[in-house]
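Me: I would like to go through this structure with you, one topic at a time. Could you take my questions as they come?

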Amino acid sequence: MLFPTLEFGIFFLIVFTVSWSLRWTPGFRKLALLAASYVFYGWWDWRFTGLLFAATMIAYLAGLGLERAERPALRKWIVGVAVAGSLVILGFFKYYGFFLTSLATLLDGFGLARDLPFMQIILPVGISFFTFQGISYVVDVYRGHVRAERSLADVMLYISFFPQLVAGPIVRAADFLPQLHETPRLTREHLGVGTVLILSGLFKKMVIANYLATGIADPVFFDPSVVGAGDLLIGVYAYAVQIYCDFSGYSDIAIGVAALLGYRFLENFNQPYRAASLQDFWRRWHISLSSWLRDYLYIPLGGSRHGEKATYRNLFLTMFLGGLWHGAAWTFVFWGTAHGLMLGLERFVKSRIERYAPAQAGPRGVAGMLGDGAQHIVGVMWTFHFVCFTWIFFRADTFGTAWTYLAGFGHWGEPLQYATPFLTGLIVLAMIFQFTPGNLGRWLAQGIKHLPSPLLALLLGGGIWIIWAIAPAGVAPFIYFQF
Amino acid sequence: MLDLLQDFETEVEGGWEAASKAELHQAEETRRAVARFTRVMWLSAFLLLFFNSAQLVTYVNGFEVGPVQDTVVALGHTWDGQMRKNGLTEPVAAIRAEMDELRAMGWEELRAEFPAMERAIAAFRGQPRVDDDPLRSGLRDTQG
């Protein structure tokens, strides 16, 4: 069930009505939301609800075990087994084929070709997201950030809550579980935020992302050898905007839908293309994943506590695994590796500048301020173009396609085939919104929260109607569903 | 209505003294917000049902074959037919046509639509405008 469909609209209407009708009996309300979440997930393939349940049980039982175990060695063993169990499930469904294909290529290379047990494995939607949430719960209980939850229904709802189930944001147990113990509340603020986020998410996904995907990004990445450099350049900008609008659009709708059910999710994107450094970019892009990787991978590896070399190694490993998390292909590994290396390089350069040319203390003159401004603009341009360069590998099916794409930048004489004024305008529009005030959405939500019901209905219904009217026909799946 | 009944039952069971003023205020605020957004969703649904009935047809066409499904499909088509007859689907068709025109527009047509932009580009390049150049102005109709 996709968000921008009529069937989700009907589903949400029922869930909203039933869940708020049950607000006086929180236990039943949670059970209703849990049932709705399993129906939402089972809509794709009901057989995978068993997998979702198994992943939940691993986390739940490990939580209970950690609560009872007192010996540190035993606690470590429990957390280790639970994390390994979750990763085995993820590894089997997501990386089995990738691993065997890579092994077969390697053996072939050494002249040791073997028949390997290949299988057709369907990738369950959202497996990377709910696995990470399960791991987050177990590790948080182990670290004492959250108490083990005795109610199985609460843990099940935490891991399967439908707004974030299939494509995030990755919600932390410490953020969500306490909300399940509070009396559910809905205010005018929730309605304002929910309406604004749902409309902005639908517009980003259905209009901007879908037009850019079908109009330029898909055709230029399908065969980059038949288009000129102009189309390739605008094509990669288009993909950068498409993936942002697709993913942040999903996150917006998820956060908005959760708000209308009385729950608060943290922000997942914060105008990432205005970042002036790669480090800044990762503080703004897929915030729930980057903070997850920081807290559950980078810091346990040692973070920046064991000297410069170890810090670079940890940065690199974190981004390498982050790349692999996105997909079982070497192109994703390259994407993560490139980000890891550049983050390390950026850190190195920054530390050297601070050592040999430290920033001057005291008031800055006009020239100094102009210099800072110019430096910031260069930083934004450089970061955006580096990110675009890595998107080529992220989007390309194979390294061959990516190299063809890069080689195509040598052919500047070709006329534009796909980069029409309309599509270029959409890219410019999306980029302008990267530089608007950060709390624009909040202002809009504040503005509409006092609207009377008919006007709010006109805004919501009229907004959805206009989006449906101007969007291309059909509903494309969200990019991050495949991860 | 269900909300009102539940409010009443809870108040009677718990008694006014059982809950603090703040809790009662929150409960009342939630009740109002739920009622408000329920109205908003139903009004939005009716708005879409009237003005976007083609979407309903697309949805019901995806149903499997069966007696109930067939009836729903027939109802969906009849509803859409009525909306078309009353001209309620025309705004969507008009917007789609505008969008198609916008999508099909090429760079040359854009220049023709906005002469100021053309002049600016020509000035930037230090060239005469397309209108002033009889050889180039004829190309405008053939280039997409």
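Me: What is the handedness of the crossing in which H9(A) passes H17(A)?
Reply: In this predicted model, H9(A) passes H17(A) in a left-handed crossing.

Me: At what angle do helix H9 and helix H17 of chain A pack, and how far apart are their axes?
Reply: Helix H9 (residues 188-222) and helix H17 (residues 421-432) of chain A pack at about 140 degrees, and their axes are 10 Å apart. The angle therefore makes H9(A) oblique to H17(A).

Me: Which residues make that contact?
Reply: H9(A) contributes Ile208(A), Tyr211(A), Leu212(A), Gly215(A) and Ile216(A), while H17(A) contributes Leu423(A), Leu426(A) and Ala430(A). Of the residues in this contact, seven are nonpolar, one is polar and none is charged.

Me: Changing topic: which domains does the assignment give for chain A?
Reply: The assignment gives domain 1 (6-184) and domain 2 (189-357 + 373-482). Taken over C-alpha atoms, the centres of domain 1 and domain 2 of chain A are separated by 25 Å.

Me: How many residues of the two domains are in contact?
Reply: In chain A, 24 residues of domain 1 are in contact with 23 residues of domain 2. On the domain 1 side, at least two residues each come from helix H1 (6-21), helix H4 (72-109), helix H5 (127-143), helix H7 (162-165) and helix H8 (173-180) of chain A.

Me: Which of these gives the largest share?
Reply: H5(A) does, with five residues of the side of domain 1 that touches domain 2 in chain A. By residue class, that side of domain 1 has 15 nonpolar, seven polar and two charged residues.

Me: How does H5(A) pack with helix H6 of chain A?
Reply: H5(A) and helix H6 (residues 152-160) of chain A pack at an angle of about 135 degrees, and 9 Å separates their axes. That is why H5(A) counts as oblique to H6(A). Phe130(A), Gln133(A), Gly134(A) and Tyr137(A) of H5(A) meet Val155(A), Tyr158(A), Ile159(A) and Ser160(A) of H6(A). The contact of H5(A) with H6(A) comprises five nonpolar residues, three polar and no charged.

Me: And how do the axes of helix H2 of chain A and H6(A) cross?
Reply: The axes of helix H2 (residues 26-42) of chain A and H6(A) cross at roughly 40 degrees and come within 9 Å. H2(A) and H6(A) are therefore oblique to each other, and their crossing is left-handed. Residues in the contact include Leu31(A), Leu34(A) and Tyr38(A) of H2(A), with Met156(A) and Leu157(A) among those of H6(A). The contact of H2(A) with H6(A) has eight nonpolar, two polar and two charged residues.

Me: On to chain B: how many of its residues are in contact with chain A?
Reply: 33 residues of chain B are in contact with 31 residues of chain A. H2(B) gives the most to the chain B side, with 17 residues. The residues of chain B that touch chain A divide into 19 nonpolar, nine polar and five charged.

Me: One last item: what span should helix H4 of chain B have?
Reply: Helix H4 (residues 67-85) of chain B has 19 residues, so at 1.5 Å a residue it should span 27 Å, and its end C-alpha atoms are 27 Å apart, which agrees.

Me: Which residue with a positive phi follows H4(B)?
Reply: Gly87(B) follows H4(B), with a positive phi near 75 degrees.

Conventions. Residues are numbered from 1 along each chain as its sequence is written. Chains are lettered from A and ligands numbered from 1 in the order in which they are written. This is a predicted model: local features need pLDDT of at least 70, side-chain atom pairs count only at pLDDT 80 or more; totals for chains, interfaces and linings use all residues. Domain bounds come from an automatic or database domain assignment. Two residues are in contact if their C-beta atoms, placed from the backbone, lie within 7 Å. Helices (H or I, at least four residues) and strands (E, at least two) are DSSP runs, numbered from the N terminus. Ala, Val, Leu, Ile, Met, Phe, Trp, Tyr, Cys and Pro count as nonpolar, Asp, Glu, Lys and Arg as charged, and the others, Gly among them, as polar. Axes are lines fitted to C-alpha atoms, for helices over the stretch in contact, and angles run from 0 to 180 degrees between N-to-C directions. Angles under 35 degrees count as roughly parallel, over 145 as roughly antiparallel, 65 to 115 as roughly perpendicular and the rest as oblique. A crossing is left-handed if the near helix is turned anticlockwise from the far one by less than a right angle, and right-handed if clockwise. The expected span of a helix is 1.5 Å times one less than its number of residues.
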